[in-house]
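Trainee: I would like to go through this model term by term. Please set each value against its definition.

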Amino acid sequence: MTMLELCDISKNYKKKKALDAVSLTLDNGIYGLLGPNGAGKSTLMNIITGNLRPTGGTVKWNGEDVQKLGASYRALLGYAPQQQGMYEAFSGRRFLAYMAALKGIPKKELGGEISRVLSYVNMTEAADRPIGSYSGGMKQRILIAQAILGDPKLVVLDEPTAGLDPKERVRIRERVSALAGDRILLISTHVVSDIESIAKEILLIRSGRLLDHASVGDLCVKYHADCLEEVYMQLFREEEKPEHEKSFT
Ligand SMILES: Nc1ncnc2c1ncn2[C@@H]1O[C@H](COP(=O)(O)OP(=O)(O)OP(=O)(O)O)[C@@H](O)[C@H]1O
Ligand SMILES: [Mg+2]
């Protein structure tokens, strides 16, 4: 059993409090990180993956500070960031080879591992085409393939379904859901249906605070709601959004 602990994590960007005293323990299974734009989802994921240092607090992997674990922590981690800084001229296969090298996957395992992740996301046929020619869904699938190179024990996916059509959303959801098992999966989204049926626990975040976290069933009971969408609407009410994020309908 593996365990990821967030101990009193805070993050300030100058005066802006992006995260405020987030504490949480995750063990194997799928966690859905749900919250509106600017809630702090990406900031939290960047801190968990060690790409960003918290202003305060500690991230622990099996009881050890991940900053002390360093490379051995990075080796068990897979991360698909929200910003797709992708290598448009690279083929999918070349991009994966590049990422696998960065991850320190041994040369003799490289070919087999790349084939495995390509087939996992159903991108084998398109693997030798340039990424620039891929659809949004194909790019996301390559990004997920990259995140699961080396069979990581912790997989962090930041909005893997953003901008995708419903069919592609379902396809990604199925692939992601099948990754559950002997690992921790953390997936952010602001679309309830992306995670409602697959997450064992939903983490609700707003303005840098973890408002609540529980299974969909327990959240519905607690908030007297029929579904997660209703819980979401209760917690993230329109009037609490910053002015520029309010919808006009
Ligand atoms: N590098 C930065 N400098 C200053 N402020 C930042 C920086 N990165 C994020 N922020 C601010 O911190 C807050 C949290 O941002 P974050 O990107 O973590 O939110 P998010 O939940 O991922 O949003 P989205 O759903 O739009 O991706 C926001 O108010 C954002 O403007
Ligand atoms: Mg984000």
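Trainee: How do you know that S9 and strand S10 (residues 209–214) pair, and in which sense?

Mentor: Two strands pair if DSSP finds at least two bridges between them. S9 and S10 have five bridges, in the antiparallel sense. One bridge sets Leu204 against Asp212 in S10. The hairpin of S9 and S10 has two residues between the strands, and Ser207 takes a positive phi there, near 45°.

Trainee: What should I keep in mind about the model and its numbering?

Mentor: This is a predicted model: local features need pLDDT of at least 70, side-chain atom pairs count only at pLDDT 80 or more, and totals for chains, interfaces and linings use all residues. Residues are numbered from 1 along each chain as its sequence is written, while chains are lettered from A and ligands numbered from 1 in the order in which they are written.

Trainee: What makes a run a helix or a strand, and how many does the protein have?

Mentor: Both are DSSP runs, numbered from the N terminus: helices are H or I with at least four residues, strands are E with at least two. The protein has ten helices and ten strands.

Trainee: Why does the radius of gyration agree with a compact globule?

Mentor: The radius is taken over C-alpha atoms, and the globule rule is 2.2 Å times the number of residues to the power 0.38. For 249 residues a compact globule would have a radius near 18 Å; the protein has 18 Å, so the two agree. Along the principal axes, the C-alpha atoms fill a box of roughly 50 × 45 × 35 Å.

Trainee: Why is Lys139 called buried?

Mentor: A residue is buried if 20 or more other C-beta atoms, placed from the backbone, lie within 10 Å of its own; 12 or fewer makes it exposed, and in between it is partly exposed. Lys139 has 20 C-beta neighbours inside 10 Å, so it counts as buried. Lys139 is found in helix H6 (residues 136–147). Across the protein, buried residues make up 37% of the 249 residues.

Trainee: What makes strand S8 (residues 184–189) mostly covered?

Mentor: Six of its six residues are buried. In a regular strand the side chains alternate between the two faces of the sheet. On one side of S8 are Ile184, Leu186 and Ser188, on the other Leu185, Ile187 and Thr189, and all are buried.

Trainee: Which strands run parallel to S8, and over how many bridges?

Mentor: S3 is joined to S8 by six bridges, with Tyr31 opposite Leu186. Strand S7 (residues 154–158) pairs with S8 over five bridges. There, Leu154 stands opposite Ile184. S3 also runs parallel to S9, over four bridges, and Leu33 has Leu203 as its partner in S9.

Trainee: Why do S2 and strand S5 (64–65) count as edges?

Mentor: Four strands form an open antiparallel sheet in the order S2-S1-S4-S5. S2 and S5 each have a single partner strand, so one side of each is left without a neighbour in the sheet. Strand S1 (residues 3–13) pairs with S2 over eight bridges. Among them is the bridge from Ile9 to Val22 in S2.

Trainee: How do you know that the buried residues of helix H10 (residues 228–235) line one face?

Mentor: They are Leu228, Val231 and Tyr232. Seen down the axis of H10, these residues fall within an arc of 100°, so they line one face of the helix. The arc is that of the directions from the helix axis to the C-beta atoms. An α-helix has 3.6 residues a turn, so residues three or four places apart point the same way. The cover over them includes strand S3 (29–34), helix H8 (192–195), strand S9 (201–206) and helix H9 (216–222).

Trainee: What makes helix H1 mostly covered?

Mentor: Seven of its eight residues are buried. Among them are Lys41, Thr43 and Leu44. After H1 comes Gly50, with a positive phi near 75°.

Trainee: Which residues come nearest to ligand 1?

Mentor: A residue is near a molecule if its C-beta atom, placed from the backbone, lies within 6 Å of it. Of the 13 residues around ligand 1, Tyr13, Ala18, Lys41, Ser42 and Thr43 come nearest. Strand S2 (16–27) and helix H1 (41–48) are the elements that give two or more residues to this shell. H1 gives the most, with three.

Conventions
Two residues are in contact if their C-beta atoms, placed from the backbone, lie within 7 Å.
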